[in-house]
Amino acid sequence: MNAKQIVKLSNIIGITSILLLVYWVFTFIVIEVFGLKVFRENMTESFYLSILGILALMAGSLIVNLMFNLTRIAERKNEDEVNTKSNRRKFAVLLLIFPLILIILFGGDYLTSAKKEKMLISSAKSIIESNKANSDKLLNYTFSKSYIKETTGILRVLSSTDKNFPSVTLIVKDSIKDSPVFLGFNAYYNESLDTNDSIQPHKVNYIYQTTKEERAYLNEVFDKNNEELRYSSSKGNYELFYPYKKNGKTIIIYFSEQQRYGKLGS
């Protein structure tokens with residue numbers, strides 16, 4: 001391999017490294033801004049290691065160019081100019097890669113979320129049906145220490161049944177001083193809130209915080225006989241509100257999962 005070929009190869013490596021750097025930074029920014037979390041490994045570590053690798057390639061190609069380029073100065077004077085039209089076409093192709101990256105990232109995120117929704121709904125139905133007796137006990141809501149303790153035990157069983165739902169919460173509608181509120185009970189009973197057996201728990205300690213959209217949905221379920229499930233996903237967090245109705249009684253079992261490593265391969 002002569003000097004001209006070596007320089008040409010180093011130029012290809014250098015240009016390729018620069019393009020990879022630009023595309024990877026663009027991909028990283030899109031993932032972080034929109035919470036697309038594409039990779040299984042820690043995103044920040046992957047980004048920094050990739051940057052170091054690309055910079056190493058660029059540095060290597062630069063050194064090779066400096067070593068061999070001096071021998072080609074005279075030869076370059078006799079080379080023909082690069083075809084401008086050809087360069088424009090190449091530049092256009094390189095620009096088209098940016099929207100292609102966006103399509104892949106957002107398309108993959110959408111498809112994964114849709115697949116996750118089907119899986120979570122199926123798992124939720126399976127959990128409730130396989131624990132029918134316990135699920136029916138949750139319908140007999142009364143705000144009392146005995147109900148809360150029994151509910152805690154039942155939710156612990158439900159959350160342990162399926163690895164897709166590490167967190168399960170029971171949501172009911174009640175009122176405090178004639179003001180409607182939603183109360184939430186999870187698999188952990190806070191004894192410190194009710195240390196004395198003769199003292200009943202306070203509803204304010206169990207208020208379930210919601211967004212405006214969630215409150216609208218919950219009111220539809222409890223007050224207007226809406227039985228639709230509500231699924232949402234954001235930045236690796238998956239939530240499923242599962243209404244459960246029987247004999248005129250209504251509760252909502254809220255399943256949630258936080259996916260740590262992201263989308264691909266999940």
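Colleague: A residue is called buried when its relative accessible area is under 20%, exposed when it is over 50%, and partly exposed in between. In this predicted model, how does Phe106 count, given its relative accessibility?

Modeller: Phe106 belongs to helix α4. Its relative accessibility is 33%, a value between the cut-offs of 20% and 50%. Phe106 therefore counts as partly exposed.

Colleague: Which element gives the largest share of the nonpolar patch?

Modeller: A nonpolar patch on the surface is formed by Ile29, Val33, Phe34, Leu102 and Phe106, and together these residues have about 440 Å² of accessible area. Two elements, α1 (3-34) and α4 (84-130), each give two or more residues to the patch. Three residues, the largest share, come from α1.

Colleague: What pattern does the protein chain follow when read along the sequence?

Modeller: The protein chain contains seven helices and five strands. Read along the sequence, these elements give the pattern α-α-α-α-α-α-β-β-α-β-β-β.

Colleague: What percentage of the residues of the protein chain count as buried?

Modeller: The protein chain exposes about 16,800 Å², of which carbon and sulfur atoms supply 58%. Among contacts between residues at least 6 apart in sequence, 64% join residues at least 24 apart. Of the 266 residues in the chain, the share that count as buried is 35%.

Colleague: Which strands stand at the edges of the sheet?

Modeller: The five strands form an open sheet with antiparallel pairing, in the order β2-β1-β5-β4-β3. An edge strand has a single partner, so one of its sides is left without a neighbour in the sheet. Neighbouring strands of this sheet are turned against each other by 25 degrees on average, direction ignored. The strands at the edges are β2 and β3.

Colleague: Over how many bridges do β4 and β5 pair?

Modeller: Within this pairing, Tyr238 has Glu257 of β5 as its bridge partner, and Glu239 is bridged to Ser256 of β5. Strands β4 (residues 237-246) and β5 (residues 249-258) run in the antiparallel sense, and the number of bridges between them is ten.

Colleague: What is the bridge partner of Ser232 in β4?

Modeller: Strands β3 and β4 also pair in the antiparallel sense, over five bridges. In β4, Ser232 is bridged to Glu239.

Colleague: Which residue in the turn of the β4 and β5 hairpin has a positive phi?

Modeller: The hairpin of β3 and β4 has two residues between its strands, and there Lys235 takes a positive phi near 50 degrees. The hairpin of β4 and β5 likewise has two residues between its strands. In its turn, a positive phi of about 55 degrees is found at Asn247.

Colleague: How does Lys177 count at its relative accessibility, buried or exposed?

Modeller: Lys177 is located in the loop between β1 (167-176) and β2 (179-185), and its phi is positive, near 55 degrees, in a residue other than glycine. Its relative accessibility is 82%, whereas exposed requires a value over 50%. Lys177 therefore counts as exposed.

Colleague: What is the relative accessible area of Asp178?

Modeller: Asp178 also sits in the loop between β1 and β2. Its phi is positive as well, near 65 degrees, in a residue other than glycine. Asp178 is exposed because its relative accessible area is 77%.

Colleague: At what angle to β1 does helix α6 run?

Modeller: Helix α6 spans residues 145-161 and lies across β1 and β2. The angle at which α6 runs to β1 is about 150 degrees.

Technical notes: Residues are numbered from 1 along each chain as its sequence is written. This is a predicted model: local features need pLDDT of at least 70, side-chain atom pairs count only at pLDDT 80 or more; totals for chains, interfaces and linings use all residues. Side-chain values use heavy atoms; hydrogens and water are left out. Patches are made of residues with over 30% relative accessible area and no salt bridge: like charges are joined within 9 Å, nonpolar side chains (Val, Leu, Ile, Met, Phe, Trp, Tyr) within 5 Å. Accessible areas come from the Shrake-Rupley method with a 1.4 Å probe; for residues, only the protein chains shown count as cover. A salt bridge is a side-chain nitrogen of Lys or Arg within 4 Å of a carboxyl oxygen of Asp or Glu. Helices (H or I, at least four residues) and strands (E, at least two) are DSSP runs, numbered from the N terminus. Buried means under 20% relative accessible area, exposed over 50%, partly exposed in between (1.4 Å probe, protein chains only). Two strands pair if DSSP finds at least two bridges between them. Axes are lines fitted to C-alpha atoms, for helices over the stretch in contact, and angles run from 0 to 180 degrees between N-to-C directions. Contact means heavy atoms within 4.5 Å.
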